[in-house]
Amino acid sequence: MSLVQRAAPPGPQALMTPRLYARWGASVKRLAPLLLLLLLVRAAPAADRFDPARNREALLARLTAAFEAGEVDRVLSVFADSLGNDAELTPRLWNLKGLALAARGRHGEAVAAYERGMRGGMHLYELHMNLGRSLQALGVTGRALAEYRQAVERAPGAVDARLALGEGYLDYGRYAQARTELEEAARLDPDDLRVLRQRARLADETGNAAESLALWAQLEEREPGPDTARRLGELRAGEDPALAAGWYEACASRDSAALDCAAAAGTLLLGLGRPEEARPWLERACTADEPTAATVQNLLLLYQQQGSLEALEALVRRHPPSTGPGWGAVALARRAAGRSRAALEAARRAVEASPENLDLANILAVLLHENGHPEEARRRWKWILERDPAHPQARRNLSEQH
């Protein structure tokens with residue numbers, strides 16, 4: 001009896017979270033705490049006071065460096081404590097404030113910040129683009145797309161603007177328009193991996209398997225990671241299980257937390273008749289707090305085939321199977337070890353979980369007979385033959401009782 005259950009391929013890893021794009025000119029280095037910066041700005045020499053624009057650019061540079069370093073709360077505290085006067089903020093500072101608010105999920109406040117920046121008369125494309133992202137997060141679909149289009153109109157050559165509009169169309173299932181914008185973004189910068197990822201996502205969502213495979217292969221070549229290996233495993237699983245297993249192994253090797261990849265690798269290897277290679281992957285997958293029913297079932301089957309009763313019982317204690325075939329593997333393992341009564345208990349649970357499975361019903365009938373319940377066993381075999389008169393095991397077992 002084959003009890004291997006094909007686990008559903010892991011769902012596409014959530015592709016990269018859309019970035020809150022912005023460009024602020026040349027990159028900057030973190031040179032001093034923000035508080036020191038503010039003190040320097042406020043106590044600037046008289047000559048510097050005649051150049052507030054330069055002071056604001058210095059402040060923007062320092063705040064931007066802190067934001068890019070992940071110090072979002074620190075940036076927000078500077079805006080709240082030291083830049084409370086809205087008149088002191090330039091459109092770029094409003095943009096940065098909006099980004100910081102959005103990074104904390106405060107999209108309503110971020111929208112207000114971007115809109116305030118636009119009122120400064122300097123309509124940066126970043127303000128429209130980032131406003132669109134926060135509006136999208138709030139579910140304001142139509143206006144979000146309008147803002148993305150505004151960003152493209154103001155900066156048609158900006159890859160970020162094209163990418164944001166393409167992602168927006170993709171998020172709302174407007175695939176033809178998404179393709180137009182993403183292809184234009186790729187033309188503007190063929191080396192931008194963010195664009196390549198969204199093109200791969202578009203191919204996935206439109207069911208273009210050949211294009212998906214080509215684009216994910218490019219990503220694997222240029223930026224290999226667990227997500228690229230996972231997706232290549234998914235794309236290869238149907239036509240080449242051995243190759244797919246290799247990709248899932250690569251995924252799990254690159255990320256110790258990718259237990260879905262470990263489960264997929266083990267399942268494919270078990271189905272390919274390579275249990276020794278499958279075992280460590282399935283065991284690793286079962287270290288999860290709640291491994292899938294298919295993973296538990298397949299590891300139980302592997303233990304049963306290898307006669308690893310101790311490991312099997314330990315797994316049953318940690319993760320009692322929830323499928324009939326899982327309990328069937330337990331029943332067979334216990335029976336082989338001479339634990340007929342415990343095997344009968346497992347067989348009853350197997351049939352309870354999968355009452356229409358005729359193979360499990362036959363296992364139960366055999367164990368009923370071996371445990372001194374011949375009449376109940378015969379009723380079970382007759383029940384099986386009523387549903388499948390050609391069932392070989394049930395027919396042979398019943399005939400042997402006469």
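I began with the sulfur link: the bond of C251 and C261 is right-handed, with 70° about S-S. The structure holds 1 disulfide, a term I use for a pair of cysteine sulfur atoms within 2.5 Å. Here C251 and C261 are joined with S to S at 2.1 Å. I then looked up where the two cysteines sit: C251 is in helix α14 (residues 241-254) and C261 is in helix α15 (residues 259-271), 10 residues apart. Helices are DSSP runs (H or I, at least four residues), numbered from the N terminus.

Residues are numbered from 1 along each chain as its sequence is written, and side-chain values use heavy atoms, with hydrogens and water left out.

The pLDDT (the predictor's confidence in each residue, from 0 to 100) averages 87 for the protein, and 86% of the residues score at least 70. Over residues 1-50 I found pLDDT under 50, with 102 contacts beyond four places in sequence; contact means heavy atoms within 4.5 Å. Where pLDDT is low, the predicted coordinates should not be read in detail.

**Helices α4 and α5**

Next I looked up how α4 (residues 72-81) meets α5 (residues 91-103): their axes come within 9 Å and cross at roughly 130°. Axes are lines fitted to C-alpha atoms, for helices over the stretch in contact, and angles run from 0 to 180 degrees between N-to-C directions. That angle makes α4 oblique to α5; angles under 35 degrees count as roughly parallel, over 145 as roughly antiparallel, 65 to 115 as roughly perpendicular and the rest as oblique.

Which residues of α4 and α5 make the contact? I listed V72, V75, L76 and F79 of α4, with L93, L96, K97, A100, L101 and A103 of α5. By class, I have 9 nonpolar, no polar and 1 charged residues in the contact of α4 with α5. Ala, Val, Leu, Ile, Met, Phe, Trp, Tyr, Cys and Pro count as nonpolar, Asp, Glu, Lys and Arg as charged, and the others, Gly among them, as polar.

**Helices α22 and α23**

My last stop was α22 (residues 374-387) and α23 (residues 392-399), which pack at about 140° with axes 9 Å apart. That makes α22 oblique to α23. On the α22 side I found R378, W381, K382, I384 and L385, facing A394, R395, N397 and L398 of α23 in the contact. The class tally for α22 with α23 is 5 nonpolar, 1 polar and 3 charged residues.

Key
This is a predicted model: local features need pLDDT of at least 70, side-chain atom pairs count only at pLDDT 80 or more; totals for chains, interfaces and linings use all residues.
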